[in-house]
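Please read the following note alongside the sequence and the model. It is arranged as numbered points that can be checked one at a time.

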Amino acid sequence: MKRTPLYDRHCELGAKIVDFHGWALPLQYSGIIEEHRKVRNAAGLFDVSHMGEIAVEGPDATEFVQRIITNDISRTKDFRIVYSPMCNPDGGVVDDILVYKFSSDFYLLVVNASNTDKDYQWIMENFRGRVEVKNLSEEYAQMAVQGPEAGKILQKLVNIRLEELKFYNFVPEAEICGRKAIISRTGYTGEDGFEIYVKSEFAPVIWDSLLDAGKDCGLVPAGLGARDTLRFEAALPLYGQELSEEITPLEAGLGRFVKLDKDDFIGKAALLKQKSTGVKRRIAGLEMVDRGIPRTGYDVTADGVKIGYVTSGNFSPTLGKNLGMALVDSAYSEVGQEVSVVIRNKELKARIVVLPFYSKRYVKG
């Protein structure tokens, strides 16, 4: 398995290490529920160095990136971030990515770890114009500080005023502990939070400094388990579950990130057709009525007939409920609809509820 620059730190902290798409990463340290609650009420520190970074540079960079994403960056100002699906010609999602705009000639695409090589190959297969594409993933380590105390903790170590950094913006040349860094404000937990990109060799000292700076604020290291339950409560999609090459962004409820009125992009024709004919299945929220947890892959039924399947499901530590997200026939996606989830060959009652389960607390400033 691949190891991030922080692997030794995780072992020293007693983390349970698991194989995550070929990466040796911490599942948990003190426990998933404890780490989850710390992020909701104080702060958590995540190692996300496994994420991929692909640079697109050149005079035609804007035009090229526009063609491979569904969102519109034509009016995006420098040092802002755009979330977007990246689709295939059939409208399925190759990946969902963050586009960091440094200038009209330079973009950094932050991609899912499991898709880095696939995304790079996809981008190169659709290469056009005066651009240069580089996979810089080996050069970057990435850490995320998430939670209501995140800004207070990080402010102790950086040379910028974090209160001036707006949601989905970034500082390209900040300093943390005297080292150069890219610092952004997005988050994948539903809480306020910051991402720190540094050269790989700087990661251990910055990790240690962050944990030390956050002691008085309740900061804890947090693993993949809490990261998943946190994003799940906020109904943020996970690639391979709510999104895939077989699930379009319109089906996933991400239509606001698909700009069908912009110039041609890969997948536009298929998505236009799907919108005009009507989306036949949708991601919907589930709340269990009967006792049971709706795990990923479980069938969802109505009147004994399969109408879809669970894409993500878990016990919600914040809400104390068994919840799920499911891809279901659109006719059964209305809030209040009674359905069933098949758990151990039994149809257990559930109902369709509003997403997200947890109200996001981003500081949008």
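1. Basis of the model. This is a predicted model, in which local features need pLDDT of at least 70 and side-chain atom pairs count only at pLDDT 80 or more, while totals for chains, interfaces and linings use all residues. Residues are numbered from 1 along each chain as its sequence is written, and side-chain values use heavy atoms, with hydrogens and water left out.

2. Domains. The domain assignment, whose bounds come from an automatic or database source, divides the protein chain into domain 1 (6–49 + 138–234), domain 2 (53–135) and domain 3 (280–364). Between the C-alpha centres of domain 1 and domain 2 there are 24 Å, and 13 residues of domain 1 are in contact with 14 residues of domain 2, contact being heavy atoms within 4.5 Å.

3. Annotated region. The unreviewed UniProt entry carries the annotation "domain: Aminomethyltransferase C-terminal" for residues 281–358; positions are given in the numbering used here, the feature name is shortened, and such annotations may be inferred rather than shown by experiment. In the model this span is 0% helix and 60% strand, and its end C-alpha atoms lie 23 Å apart. Helices (H or I, at least four residues) and strands (E, at least two) are DSSP runs, numbered from the N terminus.

4. Nonpolar cores. A nonpolar core is a set of buried Ala, Val, Leu, Ile, Met, Phe, Trp, Tyr and Cys residues joined through side-chain atoms within 4.5 Å; buried means under 20% relative accessible area, exposed over 50%, and partly exposed in between (1.4 Å probe, protein chains only). The largest core has 42 residues, of which Phe-46, Tyr-100, Leu-108, Ile-182, Leu-243 and Leu-271 touch the most other members. Strand 7 gives the most to this core, with four residues. Another core, of 31 residues, lies apart from it and has Ala-150, Ile-160, Ala-174 and Leu-210 among its members.

5. Two residues and their surroundings. Leaving aside neighbours within four places in sequence, Ile-182 has contacts that include Tyr-100, Phe-102, Leu-108 and Tyr-140.

6. Helix 8. Which residues of helix 8 are buried? They include Lys-268, Leu-271 and Gln-274, in a helix that spans residues 268–277. These residues cover an arc of only 130° around the axis, so they sit on the same side of helix 8, the arc being that of the directions from the helix axis to the C-beta atoms. On the other side of helix 8, Ala-269, Lys-273, Ser-276 and Thr-277 are exposed. Strand 6 is part of what covers the buried residues, and Gly-278, with a positive phi near 100°, follows the helix.

7. Salt bridges. The whole structure has 18 salt bridges, each being a side-chain nitrogen of Lys or Arg within 4 Å of a carboxyl oxygen of Asp or Glu. In one of them, the closest N and O atoms of Lys-101 and Asp-78 are 3.9 Å apart. Because Lys-101 lies in strand 7 (residues 93–103) and Asp-78 in the loop between helix 3 (61–68) and strand 6 (80–87), this pair ties together parts that are 23 residues apart in sequence. Lys-101 is buried at 9% relative accessibility, whereas Asp-78 is partly exposed at 37%.

8. Further charged pairs. Glu-287 and Arg-351 meet in a salt bridge at 3.7 Å, N to O, and this pair links strand 15 (residues 281–288) with strand 20 (residues 346–353), 64 residues apart. Glu-287 is buried at 18%, while Arg-351 is partly exposed at 35%. Arg-40, Glu-191, Glu-233 and Arg-361 are linked in a network of salt bridges.

9. Backbone details. Leu-355 and Pro-356 are joined by a cis peptide bond with omega about 0°, and Pro-356 is in the segment after strand 20. His-21 has a positive phi near 50° although it is not glycine; His-21 lies in the loop between strand 2 (16–20) and strand 3 (23–28) and is exposed at 54%. Tyr-168, another non-glycine residue with positive phi, has a value near 60° and is partly exposed at 23%.
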